[in-house]
Amino acid sequence: MTDPGRPDQAVIVDRGYRHYEGERTGRRGAMRAIVREGFRRVIGLRRKTKHKLFPWSLIALALASVVIVVAIVWVSSSVIGSDAADELIPRYAGYFDFISVVALLFTAYCGPQLLVPDRTHGVLNVYFSRPLSATDYLVAKGGAYAAVIYSYWLVPQLLLHLGLAALSPDGFITYLRDTTDILWKVPLAATVYFALHASLIFLASSFINRVGAATAAFLAGVYGLNLVALFFQEAVTAPAARWATLVALEQHPRHIRDWIFDRSSDVVIPAQAGFGPGVSLAVVCGVVAASVGLVWWRYRRLA
């Protein structure tokens with residue numbers, strides 16, 4: 001008989017083999033679990049405060065920007081009139097210019113958080129020991145990423161839309177009825193940004209085994225290619241040099257966004273080089289296809 005006062009003694013009780021009696025969710029259940037866990041990990045749920053600080057700071061920045069824009073519209077409408085305020089203050093397409101910069105930082109944070117720890121901590125072997133393929137795993141991770149990033153793109157735009165409707169001199173319902181095109185233009189433009197950024201950050205996160213290094217490589221690549229394109233545009237006079245401006249990958253979603261919202265693209269590098277939005281769309285599709293293929297090949301080998 002053991003002495004309960006001595007912690008170094010233990011009792012082993014043989015209860016025999018017991019079958020699992022819970023629900024067997026199979027492959028779909030495993031994918032849903034990956035989506036839930038990925039979503040929680042990215043935004044810091046059930047994690048220490050230091051893991052919540054950066055994502056929630058970016059979320060707060062996006063929401064604060066909506067409040068600021070709506071407040072400026074309200075003040076400007078009272079001072080200079082609603083028509084003049086419409087021309088001076090950026091709305092849906094212009095708001096993409098701000099939110100895309102912040103979303104790029106959020107993207108650079110999310111992708112490595114979703115992919116890198118599973119490889120470095122040896123979790124992939126556990127995932128692939130179940131009825132889960134590499135494709136299932138990547139689709140589930142992409143679902144978690146989409147849940148976070150799409151919300152980041154669309155929720156501020158929705159709040160902006162409701163705020164502008166509330167301030168409209170024509171009335172809330174009338175404004176919503178007159179701007180129904182926003183309901184497809186904003187999601188479509190957000191999808192273009194999402195597709196390009198997601199493919200690039202997943203590509204970097206699939207081949208780099210450090211979270212910080214993958215984030216840095218993504219940001220350096222995106223902005224570094226912009227500088228390369230500017231160099232060929234400004235410093236190289238050869239006729240074929242304009243094709244090098246297509247490496248400014250971060251600029252192509254902006255070009256397509258302007259096309260969707262039917263506005264000028266004078267400040268976009270590919271447009272300045274004489275390329276139309278169709279070329280930018282082809283570049284985005286090509287980059288997405290190549291990145292998806294490389295990421296899938298990488299995880300097929302790991303599986």
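How many helices and strands does the chain have? The chain has 12 helices and zero strands, where helices (H or I, at least four residues) and strands (E, at least two) are DSSP runs numbered from the N terminus. The model is predicted: local features need pLDDT of at least 70, side-chain atom pairs count only at pLDDT 80 or more, and totals for chains, interfaces and linings use all residues. Residues are numbered from 1 along each chain as its sequence is written, and side-chain values use heavy atoms, with hydrogens and water left out.

**Figure 1. Overview of the chain.** From the N terminus on, the order of elements is α-α-α-α-α-α-α-α-α-α-α-α. Of the 303 residues of the chain, 42% count as buried; buried means under 20% relative accessible area, exposed over 50%, and partly exposed in between (1.4 Å probe, protein chains only). The accessible surface of the chain comes to about 16,700 Å², and 63% of this belongs to carbon and sulfur atoms. Accessible areas come from the Shrake-Rupley method with a 1.4 Å probe, and for residues only the protein chains shown count as cover. Among contacts in the chain with a separation of 6 or more, 73% are between residues 24 or more positions apart, a contact being heavy atoms within 4.5 Å.

Figure 2. The structure holds eight salt bridges, each defined as a side-chain nitrogen of Lys or Arg within 4 Å of a carboxyl oxygen of Asp or Glu. One of them joins the side chains of Asp 97 and Arg 254, at 3.1 Å from N to O. Asp 97 lies in helix α4 (residues 92-120) and Arg 254 in helix α10, so this pair ties together parts that are 157 residues apart in sequence. Asp 97 also forms a salt bridge with Arg 257, where the closest N and O atoms are 2.5 Å apart. Arg 257 is likewise in helix α10, so its pairing with Asp 97 in helix α4 ties together parts 160 residues apart in sequence. Asp 97 is partly exposed, with a relative accessible area of 29%, whereas Arg 254 is buried at 13% and Arg 257 is buried at 3%.

**Figure 3. The network around Glu 250.** Glu 250 forms a salt bridge with Arg 254, the closest N and O atoms lying 2.5 Å apart. The relative accessible area of Glu 250 is 7%, so this residue counts as buried. Through shared partners, salt bridges join Asp 97, Glu 250, Arg 254, Arg 257, Asp 258 and Arg 263 into one network.

**Figure 4. Arg 47, a buried charge without a salt bridge.** Arg 47 lies in the loop between α1 (26-43) and α2 (49-79). This residue is buried yet has no salt bridge, and the nearest side chain of opposite charge, Glu 37, is 6.9 Å away. Not counting residues up to four places away in sequence, Arg 47 touches Arg 40, Arg 41, Lys 52, Tyr 109 and Gln 113.

**Figure 5. A nonpolar patch on the surface.** Leu 63, Val 155, Leu 158, Leu 159, Leu 162, Phe 172 and Ile 173 form the patch, with about 570 Å² of accessible area together. Patches are made of residues with over 30% relative accessible area and no salt bridge; like charges are joined within 9 Å, and nonpolar side chains (Val, Leu, Ile, Met, Phe, Trp, Tyr) within 5 Å. Helices α6 (134-167) and α7 (172-178) each supply at least two residues, and α6 gives the most, with four. Phe 172 is found in helix α7 and counts as partly exposed because its relative accessibility is 36%.

**Figure 6. Asp 262 in a loop.** Asp 262 has a positive phi of about 55° although it is not a glycine. The residue is found in the loop between α10 (252-260) and α11 (269-272). With 69% relative accessibility, Asp 262 counts as exposed.

**Figure 7. Two cysteines, Cys 110 and Cys 285****.** Cys 110 is buried at 1% relative accessibility, whereas Cys 285 is partly exposed at 46%. A search of the whole structure finds zero disulfides, a disulfide being a pair of cysteine sulfur atoms within 2.5 Å.

Terms used. Lys and Arg count as positive and Asp and Glu as negative; His and the chain ends are not counted.
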